[in-house]
Amino acid sequence: MPYKHISSEAIYFRSSVYEIPSTLTEHVFAIYNIMELPFLNYENRFQGNYRRTLIEDGDLTSSLFGYITPAALNSFYNIFTNQGNSLTSQTIYSAVGQYFSSDDLAIFQFYFEIPWHPVDLDVNSRDQPSQCNDNPNNCGESNLDLQYIMSIAQNTTTSIM
Amino acid sequence: MLTRKIFRYDNSTDAFVTWSTNLANSKIHSDVYSISYGVAESYLAGYSIANSFNTEILKVCAMGVTVLAASGDDGAAGYRHRSSATSSCAYDPLFPATSPYVTTVGATMGVETGSEEVACATDGGALITTGGGFSTLFPSFSQQKAVVKKYLQTPPTKAYPGYSTTGRGYPDVSLAGHNYLIVDGGLLYRVDGTSASTPTVAGMITLINAARRAAGLSTVGWLNPALYASGGSFANDITSGNNKCTSSACCLQGFYTAPGWDPVTGFGSVDFTKLYDLLVHTPTSAPSLHLSSVPTLPPTASQRKPVSPSVAPTSVPSLRKTSAPSKSMPSQSHPVTPTTLPTRAAARLPTKKPTSKPVQLPSRSPTKPPKRTTPK
């Protein structure tokens, strides 16, 4: 697929796949100047995997029946301990443009009686509570991931990157 | 001896490759990584992006790292067919869920109400349909071939044609993925998704690593060989449901659950105690990276080629979608794409002094674990 550079007007060819003939493989030492061009609209193709609905006043019962909570997961899946240790660690992958809220995490841990434990390492400064308050869509994925990985494995070094 | 080929990779735009390359080059790793994102394989026609990711993840697996990924929320058809008409769907697996070096997690439902645990699907009342199928980019790895072969030879219901019969089957395992409660922006939401199942399983693996490390053992690393060697003995087998819908439509394409492994829920949902026993208490089950069993990279040209349906029907059968939500579902159970700010009142969360009016959630983190009062 040919592309013309805007300023130099040089023509470049883009191919989604390239190979060299197997008969040449033995004799090829190196191939230089191969460039990976970005996908068009790549970020739009990058999908998180969750859907959500706001809980309205009155939807919750005191038993939380019908919902998944850390306690429900522990019970059903025979998670007999949530105690990690300092000998191991865990990380959540976060896409560009996604943030999380340490405030939301603290509220979640308070509500579900999980010992308070903040994220230990925030590699790309994703902790932006104001982003979550302004538009929760900015944080849903990472908040979900952190709240549940840290509720299952507690007392463990946890990172987001 | 010098390598025969040198590929200069110059790309800062592909998020997964950049991430995995940084990971492999880093001297410090976490022991477990959880990825809740994916991109359709049909967008990866260049193959090199996916292959580069695999190469880097293989390196970190060899260092004792476990990587888990969500299987996707749009069934076997994938998110590109989220709004497709039934007749225009196609199989479109999700990457990196299809990476052989990643342990892929699907979603189930039923746990939240104490009913039978089945595949999470919109036609059962969920907001998503768990993803699964067979990669068009990567072949089934050696440890997986037997269960894939068994499924394909004796499927409970023959799947609509057009899927790869040699590709890496996914997911590997599942866990509840319906009606999770989370706090987001100070409000309470219920969430569906393999994005919920995946970090939960990741937490389980972290607990197992913690026990192994405490016992002087290595971390579990690349998990798939041990999972498949066990034959799924750690799992609650899921035998009801399918992944023929996306999160907002239903397709002809999709698979049905079956006894044992299937491309809807893998081996089934993870029983932590059994997995713990398998990976911590059974010395011979300690996972290891068997390079001889690693899928050949790169695959042949035919393996890279997306599979076209071998048999095209001349007429499209009608598909009746059962959309009635379960009795336990709140009335607001329609899929909601989070593109706008919520406009409805937030649910009350417990406070020390419950009132009859909705309360504002605390806007700041507590400085220490607060004492909890009983919910109203």
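How many helices and strands does the secondary structure of chain B come to? Seven helices and 13 strands, counting DSSP runs, numbered from the N terminus, with helices being H or I of at least four residues and strands being E of at least two.

Hi everyone, a word on conventions before we look around. This is a predicted model, where local features need pLDDT of at least 70 and side-chain atom pairs count only at pLDDT 80 or more, while totals for chains, interfaces and linings use all residues. Residues are numbered from 1 along each chain as its sequence is written, and chains are lettered from A and ligands numbered from 1 in the order in which they are written.

Let's take chain B as a whole. Of its 376 residues, 53% are buried; buried here says that 20 or more other C-beta atoms lie within 10 Å of the residue's own, with exposed at 12 or fewer, partly exposed in between, and C-beta atoms placed from the backbone. Now take the chain B contacts with a separation of 6 or more: 79% of them join residues 24 or more positions apart. A contact needs C-beta atoms, placed from the backbone, within 7 Å.

Next, please find helix α2 of chain B, residues 48-62. Its 15 residues reach 21 Å from first C-alpha to last, close to the 21 Å expected at 1.5 Å a residue, the expected span being 1.5 Å times one less than the number of residues. Eleven of those 15 residues are buried, so α2(B) is mostly covered. Among the buried ones are B:Phe53, B:Ile57 and B:Cys61. What do the buried residues of α2(B) pack against? In chain B, they meet α1 (15-25), β3 (66-70), β4 (94-95) and β7 (133-139). Just after the helix, B:Gly64 has a positive phi of about 95°.

How do α1(B) and α2(B) cross? Their axes come within 8 Å, at roughly 25°. Because angles under 35 degrees count as roughly parallel, over 145 as roughly antiparallel, 65 to 115 as roughly perpendicular and the rest as oblique, α1(B) is roughly parallel to α2(B). Axes are lines fitted to C-alpha atoms, for helices over the stretch in contact, and angles run from 0 to 180 degrees between N-to-C directions. The residues making the contact include B:Phe16 and B:Leu23 of α1(B), and B:Phe53 and B:Lys59 of α2(B).

On to helix α4 of chain B, residues 194-214, where 21 residues span 30 Å, close to the 30 Å expected. Since 19 of the 21 are buried, α4(B) is largely enclosed by the rest of the structure. Just after α4(B) comes B:Gly216, with a positive phi of about 80°.

Is B:Met204 buried or exposed? This residue of α4(B) has 27 C-beta neighbours inside 10 Å, so B:Met204 counts as buried. Leaving aside residues up to four places away in sequence, B:Met204 touches A:Ile79, A:Ile152, B:Val270, B:Phe272 and B:Leu275.

Last stop, a sheet involving both chains. Three strands form an open sheet in the order β4(A)-β11(B)-β10(B), with antiparallel pairing. The edge strands, each pairing on one side only, are β4 (51-54) of chain A and β10 (180-184) of chain B. From one strand to the next, the twist averages 40°. Pairing takes at least two DSSP bridges; β10(B) and β11(B), residues 187-192, have five. B:Ile182, for instance, has B:Tyr189 in β11(B) as its bridge partner.

How values were computed:
Contact = placed C-beta atoms within 7 Å.
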